[in-house]
Amino acid sequence: MRFGNKVAVITGAGSGIGAAVAKRLAKEGAKVVLVGRTKQKLDRVSNEIVKENGLSYVYPTDVTDDQAVNQLKDYIQSEFGQLDILVNNAGSSGKSSIRDLTSEEWQRVQDVNLKSVFLVSKTLSELMLEGLKRDRSIVNVASLSGHKAGARIPHYSASKAAVINFSKALAAELAPHVRVNSVSPGFIETPLTEAGLQNERFQSAIEQHTALGRVGKPDEIANIITFLSSSEASYMTGSDVLADGGWLIT
Ligand code: NAI
C-alpha cells in the first residue's frame, strides 16, 4: 500500500475531483479526512470508502473561516498526531461579465478558491513540519483558466492564476521538508460543470476545441494528484501539471 500509515486531508471532498482523490488515496492505504461544507455529501463518499475497507473520517467545515480551520488543525493533531498529504481542492466558479461582477461575488470567489488555499496550507503545514522524516506533499487544484483567462470568468481566472503562483512561493518556503505542486485541470465532468455540459452546443464546442476530443473525468485528475502526493514524485516541487486534454495546443 503506497500510502499505508499516511494521513491525508482533502478539501471539497464531497463531490467531483475531491471525492475521486479521497477514494483513490484511501484505496492505497491512506487515512483520509474528508473536509467540506455539507456533511451529507461527505458521508456519502465516506460510506463508499468504508465499503471498500478504506479508512475515512468526515469533518464538515468551511475552509474560508480562520477559526474553523484552526479547529481542523486541532482535530488532526489530537486524532492522528501527524499530517502527510494535503489536497486543497475546494473551489467555486460563477459566470459574470466584468460590468455585472459585484465586489461581493469577486470576494466570494477569491475566498473559496484562493484564501482557503492560503489559510489551510498555512495552518496545517505546521503539522506537516513536525517530525520531519517522511515525504510530505501539498497539492493545490488550480485550473486551465489560471493559464488562459476567459471572458465572463475574470474572478475565477484571477483566483486560479494566483493559486499557481502561490503554490510556487509556498514550495520555495517549505522546501526541502514539504513538496508543493499544483494541478490545472481543463474541462472535467463534475457538479461544477454539470449545468454547462447539459447544453449540447456547449459540450460539443468544448469537445471540438480539446485535442483529445472529449471532456475529462474526475479520476483522470485524481491519478495526477495521487502521483504528486506519492514519493514517486519525490523530485517535484513548485510544478504545475496541466491536464487539459490538449486545450492549449489547439
Ligand atoms: P465540485 O463543485 O464538485 O467540488 C468543489 C467542492 O468544494 C464541493 O464539494 C464544495 O462543497 C466544496 N466547497 C466549496 N466551497 C467550500 C468551502 N468554503 N469550504 C469547504 N468546502 C467547500 O467541483 P469540482 O469540479 O470537483 O472542483 C474541484 C476543484 O477543481 C475546484 O477547485 C475547481 O475550481 C477545480 N477545477 C475544476 C474543473 C472542472 O472542469 N470541473 C476545471 C478546473 C479546475
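Two strands count as a pair here if DSSP finds at least two bridges between them. With that in hand, welcome to a predicted model whose 7 strands form an open sheet with parallel pairing. The tour below starts with that sheet, moves on to the helices lying across it, and then visits an aromatic cluster, the ligand surroundings and a few backbone details.

**The sheet**

- Reading across the sheet, the strand order is β3-β2-β1-β4-β5-β6-β7.
- The edges belong to β3 and to β7 (240-243), and each has a single partner strand, so one side of each is left without a neighbour in the sheet.
- From one strand to the next, the twist averages 15°.
- Strand β2 (residues 31-36) is mostly covered, with 5 of its 6 residues buried.
- Further along, β5 (residues 136-141) and β6 (residues 178-185) also run parallel, joined by 6 bridges.
- In that stretch, I138 stands opposite V180 in β6.

**Helices across the sheet**

- Helix α5 (residues 154-174) lies across β5, β6 and β7, and its direction is at about 165° to β6.
- Helix α8 (residues 218-229) lies across β4, β5, β6 and β7; this helix, too, runs at about 165° to β6.

**An aromatic cluster**

- The model has 5 aromatic pairs.
- In one of them, the ring centres of Y57 and F80 are 4.9 Å apart and the planes stand at 90°; planes over 60 degrees apart count as edge-to-face, so this pair is edge-to-face.
- Y57 sits in strand β3 (residues 55-60), while F80 is in the loop between α3 (66-79) and β4 (85-88), so their pairing ties together parts that are 23 residues apart in sequence.
- Y57 has 21% relative accessibility and counts as partly exposed, whereas F80, at 16%, counts as buried.
- F80 also pairs edge-to-face with Y75, at 6.1 Å centre to centre and 90° between the planes.
- Y75 is buried as well, because its relative accessible area of 19% falls under the 20% cut-off.
- Ring pairs link Y57, Y59, Y75 and F80 into a cluster.

**Around the ligand**

- The ligand is surrounded by 28 residues, and the closest are S15, N89, Y156, I188 and T190.
- R37 places a polar side-chain atom 3.3 Å from an oxygen atom of the ligand.
- K41 likewise has a polar side-chain atom 3.3 Å from an oxygen atom of the ligand.
- I188 takes part through its backbone: a polar backbone atom of this residue is 2.8 Å from an oxygen atom of the ligand.

**Backbone details to look up**

- The peptide bond from A175 to P176 is cis, with omega near 0°, and P176 lies in the loop between α5 and β6.
- N5 is not a glycine, yet its phi is positive, at about 70°.
- You will find N5 in the segment before β1 (7-11), where its 61% relative accessibility makes it exposed.
- R152 is another residue other than glycine with a positive phi, near 70°.
- R152 belongs to the loop between β5 and α5 and counts as partly exposed at 44% relative accessibility.

- I98 and H155 are 57 residues apart in sequence, while their C-alpha atoms are 8.6 Å apart in space.
- I98 is placed in the loop between β4 and α4 (103-128), and at 65% relative accessibility this residue counts as exposed.

Notes: Residues are numbered from 1 along each chain as its sequence is written. This is a predicted model: local features need pLDDT of at least 70, side-chain atom pairs count only at pLDDT 80 or more; totals for chains, interfaces and linings use all residues. Side-chain values use heavy atoms; hydrogens and water are left out. Rings of Phe, Tyr and Trp (its six-membered ring) pair if their centres lie within 6.5 Å; planes under 30 degrees apart count as stacked, over 60 as edge-to-face and the rest as tilted. Helices (H or I, at least four residues) and strands (E, at least two) are DSSP runs, numbered from the N terminus. Buried means under 20% relative accessible area, exposed over 50%, partly exposed in between (1.4 Å probe, protein chains only). Axes are lines fitted to C-alpha atoms, for helices over the stretch in contact, and angles run from 0 to 180 degrees between N-to-C directions. Contact means heavy atoms within 4.5 Å. A residue is near a molecule or strand if one of its heavy atoms lies within 4 Å of it. A polar contact is a pair of N or O atoms within 3.5 Å; within protein, one must be able to donate a hydrogen and the other to accept it, and residues adjacent in sequence count only if both atoms are side-chain atoms.
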